[in-house]
Amino acid sequence: MAGFADLNLPQGLDKKSLQSLLEAAAHLGYSAVALNHVVDFKEKKQEIVKPVSPSELFPSLPIVQGTSKRIKVLTRLTLIVSDPSHCNLLRSTSANIRLYDIIAVFPKTEKLFHIACTTLDVDLVCINVTEKLPFYFRRPPVNMAIDRGIYFELLYTHAIKDSTMRRYTISNAISLMQICKGKNIVISSAAERPLELRGPYDVANLGLLFGLSESEAKAAVSTNCRATMLHGETRKSACGVVYTVKKPRKVEEEEATLPACKKAKTQA
């Protein structure tokens, strides 16, 4: 099994708080975490900045419990979209967007959820767990997202803080499971304090409440997280690639025998 990962630790915390979260995550057995920079386009003066290198924030990363390896820290960008025009930025070739290891989108409407699943070049689609969903999940966009290698993220911190949000979390998760059949699910924390973090096996047990099987719940904090990271690597490497078509050898030989003036005309 791949190592455990938590792909959602808020980046907006101060350096000391982030260090405490990293140490707690490593102590609990997480081999990788992602620092999440959130951009909400409803708020004014929101811009996508370059991700901060983990090496600048943390001169020395903690050792993962039970191993001799240091915890891996990734950068993540989450865009909260409430209008179709907000999706245009993700379709653009923004240099700063391409620098993030993971790109997630948090759609607020059914139309935006459909767009996120079917057309946007993202790695994660976030599911709202703090209120009752204003729409029902539909099979075609969910299946399209699964086919494209996109994963759906559920957060558990809200469920352990408040009983009302716990009901929303479980209800919305079960609604999703009925459509996706437990496939392509990632469970993250969004924890702001070490006490809000839970160990990987505790998180997997929470996944059972969300309607996942035992193997699916374990995958939601391990192999599915790894697949999300690999999807992000593939997306980053594909950006800016220029594809060229090699001419057949026969055409190359014929062009080589042409006079210079005819060569130029042929190439034009």
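Which residues does Gly 182 touch, not counting residues up to four places away in sequence? Gly 182 touches Met 177, Leu 212 and Glu 216, where contact means heavy atoms within 4.5 Å.

The model is predicted: local features need pLDDT of at least 70, side-chain atom pairs count only at pLDDT 80 or more, and totals for chains, interfaces and linings use all residues. Residues are numbered from 1 along each chain as its sequence is written, and side-chain values use heavy atoms, with hydrogens and water left out.

**Figure 1. Overview of the protein.** The secondary structure comprises 13 helices and seven strands; helices (H or I, at least four residues) and strands (E, at least two) are DSSP runs, numbered from the N terminus. Of the 268 residues, 47% are buried. Buried denotes under 20% relative accessible area, exposed over 50%, and partly exposed in between, with a 1.4 Å probe and protein chains only. Among contacts between residues at least 6 apart in sequence, 77% join residues at least 24 apart.

Figure 2. The volume of the largest pocket is about 420 Å³. On a 1 Å grid over the protein atoms alone, a cavity is a set of points where a 1.4 Å probe fits but cannot get out, whereas a pocket is an open set with protein on both sides within 12 Å along at least five of seven lines; lining residues have an atom within 4 Å of a point. Grid points are joined across faces, edges and corners, and a volume is the space filled by probe spheres set on the points. The lining of the largest pocket consists of 21 residues, of which Asn 8, Phe 106, Leu 155, His 158 and Ala 190 are the closest to the centre. Two or more lining residues come from each of strand S1 (4–10), strand S2 (30–40), strand S3 (72–81), strand S6 (151–155) and helix H7 (157–161). By class, the lining has nine nonpolar, seven polar and five charged residues. Here Ala, Val, Leu, Ile, Met, Phe, Trp, Tyr, Cys and Pro count as nonpolar, Asp, Glu, Lys and Arg as charged, and the others, Gly among them, as polar.

**Figure 3. The nonpolar cores and Phe 152.** A nonpolar core is a set of buried Ala, Val, Leu, Ile, Met, Phe, Trp, Tyr and Cys residues joined through side-chain atoms within 4.5 Å. The largest has 67 residues, and those with the most contacts inside it are Phe 113, Phe 152, Ile 185 and Ile 187. Helix H1 (residues 15–28) gives the most to this core, with six residues. Another core, of 15 residues, lies apart from it and includes Ala 5, Ala 34, Cys 126 and Met 229. Leaving out residues up to four places away in sequence, the contacts of Phe 152 include Phe 113, Cys 117, Val 125 and Ile 185. Cys 117 is buried, at 0% relative accessibility.

**Figure 4. Asp 6 in strand S1.** Asp 6 is located in strand S1 and counts as buried because its relative accessible area is 2%. Beyond its neighbours within four places in sequence, Asp 6 is in contact with Tyr 30, Ala 32, Val 33, Ala 34, Tyr 156, Ser 188, Ser 189 and Leu 197. Its C-alpha atom is separated by 8.1 Å from that of Ala 25, 19 residues apart along the chain.

Figure 5. Thr 75 belongs to strand S3 and is buried, with a relative accessible area of 7%. Among the residues that Thr 75 touches, not counting those up to four places away in sequence, are Leu 35, Pro 51, Leu 99 and Asp 101. Ser 82 lies in the loop between S3 and helix H3 (88–91) and is partly exposed, at 27% relative accessibility. Leaving aside neighbours within four places in sequence, Ser 82 is in contact with Lys 42, Lys 108 and Leu 112.

**Figure 6. Loop residues on either side of strand S7.** Lys 181 and Gly 182 are both found in the loop between helix H8 (163–180) and strand S7 (185–188). Lys 181 is exposed, with a relative accessible area of 52%, whereas Gly 182 is buried, at 8% relative accessibility. Gly 182 and Glu 216 are 34 residues apart in sequence and 6.3 Å apart in space, C-alpha to C-alpha. Ala 190 occupies the loop between S7 and helix H9 (200–209) and is buried, with a relative accessible area of 16%. Most residues other than glycine have a negative phi. Phi is positive, near 60°, in Lys 181 and likewise near 60° in Ala 190.
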